Amino acid sequence: STSGFSIIANDGVTLNRDLTTNRATTINADADANDNTGSLTIANTRTLNTTNKTLSITANNLALNSTGKINSGTASTSIIDSDNSGIGLGATTASNGLNITGAELQNITVTGLELRTGGNLTVDGISAANSNNIGGATTLTANGIASTITFATGASTFNKLSATATGNITTSTNLTSDAGSLSLISTTGNLTLGGNITASGSGD
């Protein structure tokens, strides 16, 4: 069969065992949305593995604890903020939003990662080690009315980065793409570059 595998819940999904699929996988942990409830939680030592098939996650928050893992291998993964409360990536927290620490990002192994919100998105202090398991591009999308993307405080490094916001994009620290291109696009706002922007990789 070519049909996908889906898990849908209103108030959260918790994986206390390994989950391995061999087809396109969709997990919606917050199907009723807009209530600040509905996290995807993966217990320590457990892995969500799609066997090189695409993975789509919609959730209010993502909790990988210390050693929970996500692996879509050679396929892409998208993680969507169900409540549009914003995304915090690294050493930053979006209030009632979808937050992924640097250590959690390091436990995500995929080829192409999209983080998408209708709120604002802030990145703070993602190290090369944190992002190195993201093959291909890390795509940051803030597509609400006047949604912003901010690279704040701590320098951040990605293999390849594409960031698109409806509103302003601001970098107040160094930002590096060390294995490919780096793209910052504000569709209706301004780009404010306050740190060094470096695309030092040889990849596309």
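Thr166 is buried, with a relative accessible area of 18%; buried stands for under 20% relative accessible area, exposed for over 50%, and partly exposed for values in between, with a 1.4 Å probe and protein chains only. The model is a predicted one, in which local features need pLDDT of at least 70, side-chain atom pairs count only at pLDDT 80 or more, and totals for chains, interfaces and linings use all residues. Residues are numbered from 1 along each chain as its sequence is written, and side-chain values use heavy atoms, with hydrogens and water left out.

Thr166 belongs to the loop between strand 18 (161-165) and strand 19 (169-171). Helices (H or I, at least four residues) and strands (E, at least two) are DSSP runs, numbered from the N terminus. Leaving aside residues up to four places away in sequence, Thr166 touches Ala142, Asn143, Gly144, Ala146, Ser147, Ser186, Thr187, Thr188 and Gly189, where contact means heavy atoms within 4.5 Å.

## Strand 18 and its two partners

The side chains of strand 18 alternate along its course.

Strand 18 pairs in the parallel sense with strand 15 (residues 134-142) over 5 bridges; two strands count as paired if DSSP finds at least two bridges between them. Strand 18 also pairs with strand 21, in the parallel sense and over 5 bridges. Ala165 of strand 18 stands opposite Ala142 and opposite Ser186 in strand 21. Ala142 and Ser186 are also among the residues that Thr166 touches. Strands of a sheet pair through backbone hydrogen bonds, either parallel or antiparallel.

Strand 17 is joined to strand 20 by 3 bridges, and the two run parallel. The bridge partner of Thr157 in strand 20 is Thr176. Thr157 also has a C-alpha separation of 9.8 Å from Ala179, a residue 22 residues apart from it along the chain. Ala179 lies in the loop between strand 20 (175-177) and strand 21 (182-186) and, at 39% relative accessibility, counts as partly exposed.

## Ser131 in helix 2

Helix 2 (residues 128-131) contains Ser131, which counts as buried at 1% relative accessibility. With residues up to four places away in sequence not counted, Ser131 touches Leu105, Ile126, Thr157, Phe158 and Asn159.

## Open sheet 2-5-8

A further open sheet consists of 3 strands in the order 2-5-8, with parallel pairing. Strand 2 (13-15) and strand 8 (61-63) stand at the edges with a single partner strand each, so one side of each is left without a neighbour in the sheet. Neighbouring strands of this sheet are turned against each other by 5 degrees on average, direction ignored.

Strand 2 and strand 5 (residues 39-42) run parallel and are joined by 3 bridges. In strand 5, Ile42 is the bridge partner of Leu15.

## Loop residues with positive phi

Ala33, located in the loop between strand 4 (25-28) and strand 5, has a phi near 55 degrees, a positive value in a residue other than glycine. Asn52 has a positive phi of about 65 degrees, although it is not a glycine. The loop between strand 6 (47-49) and strand 7 (55-59) holds Asn52, which counts as partly exposed at 42% relative accessibility.

## Charged and nonpolar surface features

Side chains of opposite charge can pair when their charged atoms come close. A search of the whole structure finds 1 salt bridge, defined as a side-chain nitrogen of Lys or Arg within 4 Å of a carboxyl oxygen of Asp or Glu. Arg116 forms a salt bridge with Glu114, with the closest N and O atoms 3.1 Å apart. Arg116 counts as partly exposed at 28% relative accessibility.

Leu191, Leu193 and Ile197 make a nonpolar surface patch of about 250 Å². Patches are made of residues with over 30% relative accessible area and no salt bridge, with like charges joined within 9 Å and nonpolar side chains (Val, Leu, Ile, Met, Phe, Trp, Tyr) within 5 Å. Accessible areas come from the Shrake-Rupley method with a 1.4 Å probe, and for residues only the protein chains shown count as cover. Leu193 is placed in strand 22 (residues 191-193).

Technical notes: Axes are lines fitted to C-alpha atoms, for helices over the stretch in contact, and angles run from 0 to 180 degrees between N-to-C directions.
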